[in-house]
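User: I'd like to learn how to read a few features of a model like this one. Could we go through pockets, helix faces, backbone angles and buried polar residues in turn?

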Amino acid sequence: MVLDAVGRRRSHSRVTSAAPSHEDLLPLVAAAARVADHGALRPWRLIELRGDARRRLGEAMATAAGVTGADAARLVEKPLRAELLIAVVASRHDNAKVAGWEQDAVAAGVGHTLSLLLAEAGWGVIWRTGPLARTRPVHDLHRLTESEDLLGWLYVGGVPEGAKPGVRQPIDPSEYLSVL
């Protein structure tokens, strides 16, 4: 049941070197594409980063941060924490009926839905962002157009043996759901 799957969702800040293949991702991306999408614009795209592309991302981040030495080395290593990174891109279309923010919401919905699907398939996932995601060197590395913005990356890998279940403080839904 979907409610159970969402309730089990957790972020895995550490993952193993296992990763789904491109072919494994295709049906999950097809399912994630079913998010609500006013105008059926599909204002999103996903980019797989594997192998050396992850190191190039780290180098772009170090360039964007303007750091050198040990600080640069730390940034270069960050994208190497998972064998697969999936960049979530908002790819806006000029449309009189569908505002840019709404298109961004669709892209975020695809990213979140994909993270749920990956988790249900047994993969460890965490969505990472940060101030460097919207810098020119990182933008250029991903070959984004001027109408696109990077929303972050899904870091995907195997769930480590003995990983503890995620802990989220329960909410009182009545504090967040009101009636007019």
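Predicted model: local features only at pLDDT ≥ 70, side-chain atom pairs only at ≥ 80, totals over all residues.

User: Which element gives the most to the lining of the largest pocket? And what is the volume of the largest pocket?

Analyst: Helix 1 gives the most, with three residues. The volume comes out at about 310 Å³.

User: How do the lining residues of the largest pocket divide into nonpolar, polar and charged?

Analyst: There are six nonpolar, five polar and five charged residues in that lining.

User: Now the second largest pocket. Which residues line the second largest pocket?

Analyst: Its volume is about 160 Å³. The lining is made of Arg45, Ile47, Glu48, Leu49, Ala53, Arg56, Asp140, Leu141, His142 and Arg143. Sorted by class, that is four nonpolar, one polar and five charged residues.

User: On to helices. How should I think about the faces of a helix?

Analyst: The general idea is that an α-helix has 3.6 residues a turn, so residues three or four places apart point the same way. Now try that on helix 2 (22-32). The buried residues there are Leu25, Leu28 and Ala32. Around the axis they span an arc of only 65°, which puts them on the same side of helix 2.

User: What do the buried residues of helix 2 pack against, and which exposed residues sit on the face turned away from the buried side?

Analyst: The buried residues pack against strand 1, strand 2 (84-91) and helix 5. On the face turned away, the exposed residues are Glu23 and Pro27.

User: Which residues of helix 4 are buried?

Analyst: In helix 4 (residues 69-77), they are Ala72, Leu75 and Val76. Looking down the axis of helix 4, you'd find these buried residues within an arc of 100°, so they line one face of the helix. They pack against helix 3. Ala70 and Arg74 are exposed on the other side of helix 4.

User: Let's turn to the backbone. What should I expect for phi?

Analyst: As a rule, most residues other than glycine have a negative phi. Here, Ala40 has a positive phi, near 50°. Arg42 likewise has a positive phi near 50°.

User: Where is Ala40 found, and where does Arg42 lie?

Analyst: Ala40 is in the loop between helix 2 and strand 1. Arg42 also lies in the loop between helix 2 and strand 1.

User: Is Ala40 buried or exposed? And is Arg42 buried or exposed?

Analyst: The cut-off for exposed is over 50% relative accessible area. Ala40 has a relative accessible area of 56%, so Ala40 is exposed. For Arg42 the relative accessible area is 56%, so Arg42 is exposed as well.

User: Which side chains are joined to Glu148 by polar contacts?

Analyst: One is Arg45, whose side chain makes a polar contact of 2.7 Å with that of Glu148. Another is Ser91, with a side-chain polar contact of 2.8 Å. Beyond neighbours within four places in sequence, Glu148 is in contact with Arg45, Val89, Ala90, Ser91, Arg92, His139 and Arg143.

User: And Gln103: is Gln103 buried or exposed?

Analyst: Gln103, in helix 5, counts as buried at 1% relative accessibility. A polar atom of the Gln103 side chain lies 2.7 Å from the backbone nitrogen of His93. Neighbours within four places in sequence aside, the contacts of Gln103 are Leu41, Pro43, Ser91, Arg92, His93, Asn95 and Val98.

Methods
Residues numbered from 1 in each chain as written. Heavy atoms only, no water. 1 Å grid on protein atoms, 1.4 Å probe; cavity = no way out; pocket = protein on both sides within 12 Å on 5 of 7 lines; lining within 4 Å. Points joined across faces, edges and corners; volume = space filled by probe spheres on them. Helix = DSSP H or I, 4+ residues; strand = E, 2+ residues; numbered from the N terminus. Nonpolar A, V, L, I, M, F, W, Y, C, P; charged D, E, K, R; others polar. Buried < 20%, exposed > 50% of the residue type's maximum accessible area, 1.4 Å probe, protein only. Arc of directions from axis to C-beta. Contact = heavy atoms within 4.5 Å. Polar contact = N/O pair within 3.5 Å; in protein donor to acceptor, adjacent residues only side chain to side chain.
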